[in-house]
Amino acid sequence: MITKEERVVYGTEDLLTTLCTSVTRVLNVASQSRITYSAMVQRITKVGLKPDIGCFVLFDGGFTGLVVLNFSAEAAMEIYERYMLSMGMPKSELASSFTSDEVANIMGELMNQIVGDFTGKVRAELHTNITQNQPKMLVLNKQVTLSVDTPLDRPEMRRVSFFTERNNIFYLELAIDRTEFIKLHDFEKSEVVDADALLEQEQASKPAAQAEAISSDDADELLKSLGM
């Protein structure tokens, strides 16, 4: 029997740390380089997509939330180029601009792997389940504020800065309902999906359903349908 003093409380910052770990694990493997994040986290009052490339994923289930990754053009191109070169793609065949559909598709695919890694850890460590929608990627020239379609009673919003090996910056933003997980009794953790193995499978055979790269003409309609 676990005493009150031994109960483990797992809150917003713990979820955020788990998510940040998923970002670095997946992108380190994909880019074959070192991705790091700041030891300081910002409390923010709203989340949004920002130039140059923004990607978001909604999740629901044990808890509801929204994950956003905002890449500068330089950060997106660095990760894209390193990822494609690590798969043996000749540099002469790579997209030359961050506005290319290929860049958006690859970044969205990596976003999908990041959230997949995160949901696997949630199942293993917290014994709850969350489901995600398909990541949406937009090339932007202005900021777009987002809101979660399901109202949050006590929203918690955070922003974390990430740095590539060439010191290009991108940002993770998270909005979730304030929640705590309290351990009632001991249990064995389920096996967590290995991000390295997952990416190797992705490289071996590209999935038919990739993250959607959305044209500027469809952006307004999409955001409106999501209540944003």
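Patches are made of residues with over 30% relative accessible area and no salt bridge, with like charges joined within 9 Å and nonpolar side chains (Val, Leu, Ile, Met, Phe, Trp, Tyr) within 5 Å. In this structure, Val9, Ile182 and Leu184 make a nonpolar surface patch of about 290 Å². The model is predicted: local features need pLDDT of at least 70, side-chain atom pairs count only at pLDDT 80 or more, and totals for chains, interfaces and linings use all residues. Residues are numbered from 1 along each chain as its sequence is written, and side-chain values use heavy atoms, without hydrogens and water.

**Surface**
- Val9 has a relative accessible area of 44%, which makes this residue partly exposed (buried is under 20%, exposed over 50%, partly exposed in between; 1.4 Å probe, protein chains only).

**Salt bridges**
- There are 10 salt bridges, each a side-chain nitrogen of Lys or Arg within 4 Å of a carboxyl oxygen of Asp or Glu.
- One of them joins Glu13 and Arg158 at 2.5 Å, N to O.
- Glu13 is partly exposed at 35% relative accessible area, whereas Arg158 is buried at 3%.
- Arg158 also meets Glu156 in a salt bridge (2.7 Å, N to O), and Glu156 is buried at 13%.

**Aromatic pairs**
- The structure holds six aromatic pairs (ring centres of Phe, Tyr and Trp, its six-membered ring, within 6.5 Å; planes under 30 degrees apart are stacked, over 60 edge-to-face, the rest tilted).
- Phe59 and Phe63 pair edge-to-face, 5.6 Å centre to centre with 85° between the planes, and both are buried.
- Ring pairs also link Tyr37, Phe71, Phe162 and Phe170 into a cluster.

How values were computed: Accessible areas come from the Shrake-Rupley method with a 1.4 Å probe; for residues, only the protein chains shown count as cover.
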